[in-house]
Amino acid sequence: MNRPSSPRRPSPASTTQAPQEVRIIGGLWKRTPLPVKNAPGLRPTPARVRETLFNWLGQDLTGWRCLDAFAGSGALGLEAASRGASEVTLVEQDPSLVKSLQAIVTRLKAEGSVRVERGDALAALRQRQGAALDLVFLDPPFGDGGNEALFRSALQAARGAIGVNGLIYLEAPVVWTADALASVGLQTHRQGRAGQVAFHLLRTLAVD
């Protein structure tokens, strides 16, 4: 079984401090700032990557049901809600980040479409097996080389939570090969790279 291809080691210039805020880039809440706390492993998805992702997905997500499993700053899930997703669940374990997310949702008056859930990402995904979600965001914290076991478990759990035509967005420190994805029943729909981050849009593996 092929493993995800190895990344290049980050250069000193790439180990910069996280920004203090990011902004929603499209939809109802376009340009709204989202605070980024100085928390271990918190690495918000850059605006240019989010822009690429939502070009892939389409700008209008009206009616979509989404789950942001490692929500952090909430940038991915809130971007989906801003573009019309009817149900977005932000799952985060860190209590200070949960409090920040709840404050953001209240400020946006988004309680009708966005729910913040404190808990473990894998447990939340496993509780939603068969839920037929339209989109799951997976952006786990990772260091040099990542934690392959965590990523594999998250992908397997996310696969069971999406519908037949559902999609999984994955950020990782490595590119996941076709063979590695096939081992968890997934295949690449779109893929890109920005600096040391590989990002993938995945779907259920087609059965011949």
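## A pair within one helix

Arg152 and Glu148 form a salt bridge with the closest N and O atoms 3.3 Å apart; the term requires a side-chain nitrogen of Lys or Arg within 4 Å of a carboxyl oxygen of Asp or Glu. The two residues are four apart in helix H5 (residues 148-161), so about one helical turn separates them. Arg152 counts as buried because its relative accessibility is 16%, while Glu148, at 25%, is partly exposed (buried is under 20% relative accessible area, exposed over 50%, partly exposed in between; 1.4 Å probe, protein chains only).

The model is predicted: local features need pLDDT of at least 70, side-chain atom pairs count only at pLDDT 80 or more, and totals for chains, interfaces and linings use all residues. Residues are numbered from 1 along each chain as its sequence is written, and side-chain values use heavy atoms, leaving out hydrogens and water.

## The network at Glu79

The salt bridge count comes to seven. Arg50, Glu79 and Arg83 are linked in a network. The closest N and O atoms are 2.8 Å apart for Glu79 and Arg50, and 3.1 Å apart for Glu79 and Arg83. Glu79 lies in helix H2 and Arg50 in helix H1 (residues 47-57), so their pair ties together parts 29 residues apart in sequence. Helices are DSSP runs of H or I, at least four residues, and strands are runs of E, at least two, numbered from the N terminus.

Glu79 has 0% relative accessibility and so counts as buried; Arg83, at 7%, is also buried. In H2 (residues 75-82), eight of eight residues are buried.
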